[in-house]
Amino acid sequence: MQGLTQATLEFVKQYWAPLVCGLAIVAVLPLIVGYVVLVERKLMADMQARLGPMRVGPHGLLQPIADAVKLLIKEDIIPDDADKLVFWLAPVLSVGAALLAMAGLAIGPAFQIAKDINIGILFVVGVSALGIFGIVLGGWASNSHYSLMGALRSSAQLVSYETAAGMALVCGLLFAGTLNITSIVQAQHEQGMWFGLLAPVAFFVYLVASIAETNRAPFDLPEAESELVAGYMTEFSGFRWSLYFLAEYTNMIVVASVATTLFLGGWLRPFPRTHWLDFIDFLPPLLLVAIGVYCLMRTPKQPARVQQLFMLAVAGLCFTVAVVLAAPVLLRTPFVNPSLASAAKPFYEGIHGGFWFIFKVSAYLYFFMWLRFTIPRYRFDQLMRLGWHFLIPLSIINVLLIGIAMIAGSYLHLEGGWLLLATIPASIIALIVALFILAMEQKSERQQAGGATPDPYA
């Protein structure tokens, strides 16, 4: 027993940092997901000229807490003819794969659970793809036609778009020359340019494929309410349903983090090597100060005393975070002792790197929400045609063109921004190929429509 205790203490002493990061993700991520849902509901309400959730807390800020309590105490129903063991394990498998994928991500240079893992991007993509097993098993174990159809749709959708997403990632990996996440971000710093600017077609392909992989609108066919009630989640309720919900939004954060790492510079600020743009470092604290001032302005308009105190607390938190963000920047100015500036460099990279990473992921998630409220849902045949007839051929051709551009750039000794002279023609050719593929698809559809027998009931 004493040996086991000693071994446990040695393990904790050696791996305490990854354990703390893992516990932080497991404990904080559900709260973050709850507030992402609140932001989505508020954006939807704003686009539809409504107010959205307003009852629980000031401006509805405590609505996620109320939703979590409701889901925890709600009755959990299991159908009589369901496979109860698989029905119980399926959502756990989905949310477990989503949370495990977060281990390979780096939210700034100082926050990564699996540090220096050589196959970082491959690990994240591979583990997150395991979540489809939870969806398929949940749909099958429910013993419901709606659930089974939703599970089959989801699996077909993932298979269709995983190939295109993988080929898009290959373009970024060609520029980086490594699968290590930290090295990928460092390569973009050395190039002085984000890979999304060097390979915009690959970034577009991954953007569309990531929307389809996470079953988000307009590609939310597995959860099509008008056809399948709620798809693979139809028979789930209460806490088990919330696990599927948590897995979906965690996967959204995962794909947004992968896109940020590979195409948007990771935790680097815009133009990190351009010194005359160093004033950008002051934008994060100024943004937090502006939010704090807005909260102070809204405080007297709150109807209840507790809501006023809550708004004051939010304003104080914003001002505190603004001071934390501003301190490393001020210490790096030329008027400060060089030794103190060098000591502040790790804090600057960690704090500001985390801010820029979260900011880019938030912008990516906002684009997801914007599409949901703007574009109507695709038909399933349109979804499959887009994946197999357009995105996969385009991604394969784009990889070939990017490879040729890199070979030409190496012969011409093009580095940094000069590499655009080779990659821009490759992107233009890829866009021409995309337009040709679309023209051929439209021509094929017209021929099929012309040869089809008219339906008198249409």
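Predicted model: local features only at pLDDT ≥ 70, side-chain atom pairs only at ≥ 80, totals over all residues.
Residues are numbered from 1 along each chain as its sequence is written, and side-chain values use heavy atoms, with hydrogens and water left out.

**Entry on serine 257**

I placed serine 257 in helix α12, residues 238-263; helices (H or I, at least four residues) and strands (E, at least two) are DSSP runs, numbered from the N terminus. I then checked its accessible area, and serine 257 is buried at a relative value of 3%, where buried means under 20%, exposed over 50% and partly exposed in between, with a 1.4 Å probe and protein chains only. Leaving aside neighbours within four places in sequence, I found serine 257 in contact (heavy atoms within 4.5 Å) with Leu105, Phe357 and Val361.

**Entry on the whole chain**

I counted 17 helices and 0 strands in the protein chain. Of its 458 residues, 43% count as buried. Among contacts between residues at least 6 apart in sequence, 77% join residues at least 24 apart.

I took the definitions before the values: on a 1 Å grid over the protein atoms alone, a cavity is a set of points where a 1.4 Å probe fits but cannot get out, a pocket is an open set with protein on both sides within 12 Å along at least five of seven lines, and lining residues have an atom within 4 Å of a point. Grid points are joined across faces, edges and corners, and a volume is the space filled by probe spheres set on the points.

The largest pocket holds about 2,400 Å³ of space, and of the 48 residues that line this pocket, the closest to its centre are Tyr35, Val39, Ile291, Ile358 and Ser362. Helix α12 is among the elements that each supply at least two residues of that lining.

My search of the whole structure gave 1 cavity of 30 Å³ or more, and the largest cavity has a volume of about 380 Å³. Helix α12 is also one of the elements that give two or more residues to the lining of the largest cavity.
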